[in-house]
Amino acid sequence: MHIILAPTNLGLSPLRPGHVPGTWRAPQALMAQGLAQRLGAGAVTELPQPTYSPAAQPGTRIRNGHAIRAFNIAIALAAEVAAVQARGEFPLVVGGDCSILLGALAGSRRAGPLSLVHIDGHSDFRHPGNYDPQQMLGAVAGMDLALATGRGEPLLAEWPGVTGPLVPERQVLQLGERECRDADFAWPDINQTAIARIDVFAANRMGKAEIVRQIEQMLATEPEWRFWLHLDVDVLDQTIMPAVDSPGSPGIDRLWLENIVARLLQNPMCCGMTLSVFDPELDPDGRYAALIVEMLEAMFRSR
């Protein structure tokens, strides 16, 4: 395993005037809990922290849009993922916010097509088809799945060396959405896509074995394709993991989540993983950083 530390907060909106989201601190907070040692990582690479701005920028209606592209391409997250995979190592990209998914997929796509297992308490499917960019700035942490499937500004939906979207929607499974049954669900058009979806309510009824079966069924439609695993820790219930930008309830059971991810990591076609959206500023005594490292250790134990 090769850990890539991606200390970015570029994809998040400020929670209040003057606020700078704290997810950029997550990689070091997790390293301070012994992440590399407990996972037996062979190497660690730390990318430079980009500069956050809450303001609109020329040429894009996505907050920090140009900086996000630079971080994922020019500052080499994509290149680092590609290089790690070329050496036959497993990249674990530790963010940071969900915008790291784009660079990770762009780098991994250099070796061929991908499927995606997207585990997140939100399906992150905001795009200009379901909101008006002129009325509000977009935030990539709520757009990463839409952008990965080719929806949104070309600035972050089109990538060097990749024809079409980073992943085709038919090869995506989203697990954990908790707002899809609300009357004001932000992106109901995801229901008209080929993305396979298991919301948190269905997941908690069906149990971990059936969740894994459905994920493996999606992956089996392209058995020669590698797949990427994305884990946003806000998929946990806010009583378990409140140190995130958008906590909520219900969530996937912690032990179920460990079991599901462990099963996926055992699959030789799993080619990398992103971990996102933990905010150490909401974890003053470090207890949630310790919990995340403990969970990752359990997930990777049998890989």
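Predicted model: local features only at pLDDT ≥ 70, side-chain atom pairs only at ≥ 80, totals over all residues.

Me: What is the secondary structure of the chain, and how compact is the chain?

Reply: The chain comprises 11 helices and 8 strands. Its radius of gyration is 17 Å, close to the 19 Å that the globule rule gives for 303 residues, so the chain is as compact as a globular protein of that length. Along the principal axes, the C-alpha atoms fill a box of roughly 50 × 40 × 40 Å.

Me: Which residues have the most contacts inside the largest nonpolar core?

Reply: They are Met241, Leu257, Met273, Phe278 and Met299, in a core of 56 residues. Helix α11 (residues 287-300) supplies the largest share of this core, 9 residues. Another core, of 43 residues, lies apart from it and includes Ala6, Ala78, Leu156 and Val162.

Me: With which residues is Met299 in contact, leaving aside its neighbours within four places in sequence?

Reply: Met299 is then in contact with Leu231, Leu257, Glu258, Val261, Ala262, Leu265 and Met273.

Me: How should I read a helix, and how many residues of α5 are buried?

Reply: An α-helix has 3.6 residues a turn, so residues three or four places apart point the same way. Helix α5 (residues 100-108) is mostly covered, with 9 of its 9 residues buried. Among them are Ile100, Leu102, Leu105 and Ser108.

Me: Where is His127, and is His127 buried or exposed?

Reply: His127 is placed in the loop between β4 (114-119) and α6 (144-148). His127 is buried because its relative accessible area, 9%, is under the 20% cut-off. Beyond its neighbours within four places in sequence, His127 is in contact with Ala146, Arg151 and Asp189.

Me: What should I look for in the backbone, and which residues do cis peptide bonds join?

Reply: Most residues other than glycine have a negative phi, and most peptide bonds are trans. Here a cis peptide bond joins Gly95 and Gly96, with omega about 20°, and Gly96 is found in the loop between β3 (91-95) and α5. A cis peptide bond also joins Ser249 and Pro250, where omega is about -5°. Pro250 belongs to the loop between β7 (226-232) and α10 (254-266).

Me: What is the phi of Asn64, and what is that of Val277?

Reply: Asn64, a residue other than glycine, has a positive phi near 60°. Its place is in the loop between β2 (43-46) and α3 (65-74), and Asn64 is buried, with a relative accessible area of 0%. Val277 is not a glycine either, yet its phi is positive, about 75°. Val277 is in the loop between β8 (270-276) and α11, and is buried with a relative accessible area of 4%.

Technical notes: Residues numbered from 1 in each chain as written. Heavy atoms only, no water. Core = buried A, V, L, I, M, F, W, Y, C linked by side-chain atoms within 4.5 Å. Buried < 20%, exposed > 50% of the residue type's maximum accessible area, 1.4 Å probe, protein only. Helix = DSSP H or I, 4+ residues; strand = E, 2+ residues; numbered from the N terminus. Contact = heavy atoms within 4.5 Å. Rg over C-alpha atoms; globule rule 2.2 N^0.38 Å.
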